[in-house]
Each structure stands twice: as C-alpha cells, then as structure tokens.
There are 2 protein chains.
Amino acid sequence: MTPAFDRFTCVIPAGGAGSRLWPLSRANAPKFLLDLTGSGDSLLEATWNRLTPLAPPERLMVVTGNAHRDSVVKQLPDLRAENLVTESQPKDSSAAIGLAAAILERRDPDSILGSFAADHVIRGNVLFQRAVRTAVQAADQGYIATIGIHPSHPATGFGYIACGGARGDLAPFDIYDVTEFVEKPDESTATEYLRSGGYLWNAGMFIARASVLLDQMALTEPEMVASLREIAAAWDTEQAAAVREELWPGLPKIAIDYTVAEPAAAAGKMVCVAAHFEWDDVGDFASVANLLTRGRSNDLAVLGDGAQVLSDASSGIVVSESDRLVALVGMEDVVVVDTPDVLLVTSKAHAQDVKKLVNRMKGAGGGHLL
Amino acid sequence: MTPAFDRFTCVIPAGGAGSRLWPLSRANAPKFLLDLTGSGDSLLEATWNRLTPLAPPERLMVVTGNAHRDSVVKQLPDLRAENLVTESQPKDSSAAIGLAAAILERRDPDSILGSFAADHVIRGNVLFQRAVRTAVQAADQGYIATIGIHPSHPATGFGYIACGGARGDLAPFDIYDVTEFVEKPDESTATEYLRSGGYLWNAGMFIARASVLLDQMALTEPEMVASLREIAAAWDTEQAAAVREELWPGLPKIAIDYTVAEPAAAAGKMVCVAAHFEWDDVGDFASVANLLTRGRSNDLAVLGDGAQVLSDASSGIVVSESDRLVALVGMEDVVVVDTPDVLLVTSKAHAQDVKKLVNRMKGAGGGHLL
C-alpha cells in the first residue's frame, strides 16, 4: 500500500453564513469568502494556502453550496474541477463531509481524509502541519483523530475535548484518547477546564480513513450514509447531478459532532492530537478585533483597505468598506461595521447578539439585507 | 411717538458653526441652517416663523456671514434685502448685534430691537411672544431687557441669571431686576440655583432701544461703537460695502455678554422677563436627542427623512442622511451620525467632546471635512 500521507486528502467544507458577522457577511458573501484578518486573503484562501504543504492540488477538495461555486472557483484557481463538490442545498456537516468521504472512498478505498473548516484562523502553520501529520498516522491505523488546541484563556465560545491517556502506540508525541466532547461551558466551568489542564479546544477538525468515518456515521445514520455512497458511486459519471438531485434533498441536517465525533469517542475510537498553534473560529466581531490586534490591549482594530478612522478609543473595532471618515469619541469596546447599505453599531460584549438581530430581520422583511 | 411695539425690530444673529454638532453641522452648513427637530424647518426658519407674529417682514432683520448669505436668502424668501446684514468675517456677537443696532438707530433713533439667536429651539410660542412684549415695554423705558427661562432641571450647560426684586413699575407681571449673570455652573451649584428659585437660564436674548444698547456698549468699547455707527451711516448708501470693508476687520471679537449684559446688570440697567416656555440652545447631540424624544426615556431619537433604524436601544440618537439601514445592538445612549463622508459614533455622555475632535481635525489636515 502507498504510504498514508500519499493517500491523504484535505477536505475544506466551505459553508455557514457567519450571521454574527453580519453585515460584513451576507448570504452571497459568507464568512469564508471574507478577509477578516487584513491579510489580503479570504479565510478560504488562507485555509487553502495552509493546506498546500500537506497535500498537492489533486488532493485538496472543497465542499460548498451551489450558490458559492463561482466565488470559490475565483478565489481558488488551483482547485481541480473534480475536487469541487457542490451541495444543492445546505445539509450541515455530516452530509457535506460525508459526501466528500464517500467520493474519496470510491476513488480509493484506502483514502484518508482530513476535514478543515474554511472559515477558521490559524497562526503557527508549522505546528499545524505537525499536528495533522500525527493525526494522519493515527487515522491510517483506523482511528478517528481530531486536533485539540491548548486553551490560552477560559473561552466560553468554544466546545472542549476532555483527554484521557497518552497513545504513544500511535505516535511518539502529543496524542491522547478522547474521553468526551463537551459543549460550550459557562465561565466558571471554562476556568476549571483551564486549571485542570486536561481539556483542549475543539477546533472541529477530523482526520480519518474515509471508510472508517462513513462506517462510524452509518451506526447513527445508516440511510444517510447509504445515500451518500449512492451519490458517490455516480459522482464521476454523467449521472452525478441527477443522482444527487434525487437523494440530497432527503438527507437530514445534522452536525458531524453527533454522527461521528461523540459516538466514536464513546466507543473509544477517537483520539486527539494536542496542538499549540493559535486557532480561532472567528465567531463574532469581538473575535475579529482580538485577531487584528493580536490580543493587545490599548489598540483599536481596523479592518478595510480604505478605512479612515479618527478615534480616542483604545479598544473595539472598526470595519469599513468605504473611505469615508469614521470618527469615534469616547467609545470603548465599540464595534462599527460600515458597509454601503447597512451600518452596524454594537459592542464587543454584545457581539454575539448580532445573530439575534439577523434572525429578527429574517422575519421582518429585511431579508434583502442579509 | 409711535407705540413701542411699532418701533420694534427683531434681529436674528445667524452665526456660529455648532462644532459640537459635527459632522451634521459643517462650515458650509452651520447649525442654524439645519433641521434638528425633524419639523421640516431649519432652526433659522423656525426662528423666523416664531418672530413673524411679533413683527412684520420689514422689521425682521438677519445678521449673518457673507458665506451664508445665499443659504439664508433661500431659506427666508420673505427677508427684505435691506434687512439682510452681512459680515465680511465673523466678529462675535457684540459686532453683529451692534451693527444691527447702529443701522436701526440710523433709520429711526427711537428703534427698539430684540436679538434672538437663529439656532435655539423654543416650544410654547404664546408664552414666548408674551415675554417679548413685556420686554419691549421695559426697553421702551430705557432698560436693557433679557428673557430668562425658568429652569426645568439643574443644567450645567447654560449660564444663569440671578434675579432681584420684581419691577411692577415696568410691567404688571414677570419682570425683575437682574442682580448678575453667572457662568455655566457645576452640578451642585446648578442644583442649588434650582432649589433657591431665584435663578433663570440665560437664553441670550436682549431687548433694548438701539441707542441704549449702543451707548451701553460704548462704555466698554467706545472705538468699536464709533466704527459701527460709521458703518451704519453709510449702510443705506452706495458706500456701504467700502466703509464696512475698511472698518470691519479692525473690530474686536467679543461677546455681547461682556460689552452689554454684565456691565448693564452691574449698573442696575438690566431687567429680566421670567418666562415659562421651553427653550434649548441645542448645544450637542444629547440635546438633539432630548428634543426629539421630548425628554421621554425609553425612546431612541431618530433624525433624517429616509432614516432606517433597527435597534434594541431605548435611548440615544441616530441621525442619518442616507436611507441605508442603521442597526444597533446593545447600545444605550449611543450617538450615531451617518453622513455621506463622515460617520460619527459617540455617546450622549461624550457629546460635548465632539468639539475637541473637531479642534484636533483642524490641526491635522481634516479641514475639508469640517
């Protein structure tokens, strides 16, 4: 058999609107297509660039909605046509990653895949690559591996992974059994997690043999996996679209956490690579501000090529899509997002509540602005 | 002699940029030209309309800068050409009101004038007119009258008038000696003023015979008054512009408080009509918010014809010159001013500090936005 690493494909699920980042993120400009770090690259482009040292273009796959197909192709000129998997409607992560796995399994039954979200930010690429390589070793031996991030602070916005014993049998360093996945904790629980040292942030990365992942999913969702394998069987043929259109609408919307991660952990089939790179899921504008200022206090974050800001503030964030002046007087921790048709003003403390506003707008005839 | 009221001219000094209302107010769009109440009328138009029941157009005069001449004429189609007095450069209120007084004195030595700022807001026009009529009676008898407003709260943003004994000899109701004018107080002093009942807000209104006002001013600024009378002598001739250009630049910049009000009060020549109408000098966006909500709590103020606001806030103000959506999440007491080239975000508590920002911009190459 070829070495594990030569059978390894990186899958980038590029979905999710990022409604807490509205009005910067929109239905037609979801979070993964945006440059939220001021680097000049969108999160998708940065994800692609981060993965190219791990796999050549023929083993880099993107799963996205039909609606974003053109934008993805434009941003990723090296993406091979056969590795662009489109969903006719959003069906959450089990279907998206499951379809990729089924297609890869069909192409090579010994395929190993790693799934890496298109809209996270990572700093420390060498550490990231090292963690992925360790995970691939474990995956080749039949485990489902995830990568957990050593927490830098008691974050309440992330899920955590409780780790058990070291698995020196799988790789020499940094790999542990997963005891359980736990939901976003409250602050005191998060502080306790940090203190105990046994919890890592769940970055939502999964590395496994395609067949192992699908077989695990089939224990929870057998019909779904049967459909995914049926779609995959037709994928590289002329019937691809027809079969997908027939079966895709009937798939359940369910996160891979529930179909793979949690059941596999409960069954002792999940391992975690503990990693030290910086990671953020950029969930809201408070995260964007922290990323831009790299956690410095006494710094207002500014995002936007032409942004003109005059401010006496030492915190908060201004995102501007125009070159007009944004003047702030006496506003600490404010979030200002200045787009051509919507101006959002909120605070870092209320950054999560933007989602509520978006939901309110959906029901109130504001859909054209979403 | 004709009755006092038939010799009474209302003078509207229309000057002052209102820099605490930037970026709504600009050099070419000063506060008095703006509609800050959502009534459809600018403050100048509202002032004009408030005065028309007190004097016909031939006795309504506006003093303004050359730069605003066209805007004033456009807003006030009934303003007579001979009653539009323009300053070639701003020289503060002594020169502006003094020139009007000198012109009126020249036209009729028994003229009485009342000076009413173009950029204040008054509600309760009947009470206002009654107060002016009382003041005109006192003015005709040689006093300099002002109108003081019964305070509704311990404002620290206004000057106060300390009142002495009632002057039933001048008018049957509501007229008192002025003991002294006092500067803007701190909060505890303002509270004491309110408690004592003997202090009124100084609304900066002066009603006097033109000659009495000028003679009083001449005690402090004799050369200035001589120049003003010289300009006035030429005013209704072909030499008007030439004489003004010769003398105006040499006039001192000094507020009428120091040349007339305070010295006249000290000399026992000042009386005050105590009035109960609502008055505000609309000094900053916090004032604008209070005016728009008429002091209601649990109300976000919105100014702008096309303003679209989606907010969970129960306080603060949004001023919008566009029809794009302004979305506020979790922001109480915020001030958002959305203009085509500048976006200002501040809080009601910092509304006064907008002036500091404007001053900073003057020195920092931001003059084109002022």
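In β17(B), V326(A) has L343(B) as its bridge partner. L328(A) is bridged to V345(B) of β17(B). The model is predicted: local features need pLDDT of at least 70, side-chain atom pairs count only at pLDDT 80 or more, and totals for chains, interfaces and linings use all residues. Residues are numbered from 1 along each chain as its sequence is written, while chains are lettered from A and ligands numbered from 1 in the order in which they are written.

In total, 5 bridges link β15(A) with β17(B) (residues 342-347), and the two strands run parallel. Strands pair if DSSP finds at least two bridges between them. Helices (H or I, at least four residues) and strands (E, at least two) are DSSP runs, numbered from the N terminus. The pair belongs to an open sheet of 6 strands, ordered β13(A)-β15(A)-β17(B)-β16(B)-β14(B)-β12(B). Pairing in the sheet is mixed. The edges are β13 (308-311) of chain A and β12 (301-303) of chain B; each has a single partner strand, so one side of each lacks a neighbour in the sheet. Twist averages 10° from one strand to the next.

Two helices of chain B lie across strands of this sheet. Helix α10(B) (residues 285-292) lies across β12, β14 (317-320) and β16 (334-338) of chain B, at about 100° to β12(B). Helix α11(B) (residues 354-362) lies across β13 and β15 of chain A together with β17 of chain B. Its angle to β15(A) is about 135°. Axes are lines fitted to C-alpha atoms, for helices over the stretch in contact, and angles run from 0 to 180 degrees between N-to-C directions.

The contact between the chains takes 26 residues from chain A and 26 residues from chain B. Residues are in contact if their C-beta atoms, placed from the backbone, lie within 7 Å. On the side of chain A, β15 (325-329), β16 (334-338), β17 (342-347) and α11 (354-362) each supply at least two residues. The largest share, 6 residues, comes from β17(A). By class, the side of chain A holds 18 nonpolar, 4 polar and 4 charged residues. Ala, Val, Leu, Ile, Met, Phe, Trp, Tyr, Cys and Pro count as nonpolar; Asp, Glu, Lys and Arg as charged; the others, Gly among them, as polar.

Helix α3 was examined in both chains. In chain A, α3 (residues 92-107) and α6 (residues 210-220) pack at about 135°, with axes 8 Å apart. That makes α3(A) oblique to α6(A). Angles under 35 degrees count as roughly parallel, over 145 as roughly antiparallel, 65 to 115 as roughly perpendicular and the rest as oblique. The crossing of α3(A) and α6(A) is left-handed; that is, the near helix is turned anticlockwise from the far one by less than a right angle, whereas clockwise is right-handed. Residues making the contact include G98(A) and A101(A) of α3(A) and L213(A) and M217(A) of α6(A).

In chain B, α3 (residues 92-107) packs with α7 (residues 222-235) at about 50°, with axes 8 Å apart. The two are therefore oblique to each other. Their crossing is right-handed. The contact of α3(B) with α7(B) divides into 10 nonpolar, 2 polar and 3 charged residues.

V273(B) lies in strand β10(B) (residues 270-275). It counts as buried because it has 27 C-beta neighbours inside 10 Å (buried, 20 or more other C-beta atoms within 10 Å; exposed, 12 or fewer; partly exposed, in between). Its contacts include A131(B), I147(B) and D174(B).

Conventions:
Lists of a residue's contacts leave out its neighbours within four places in sequence.
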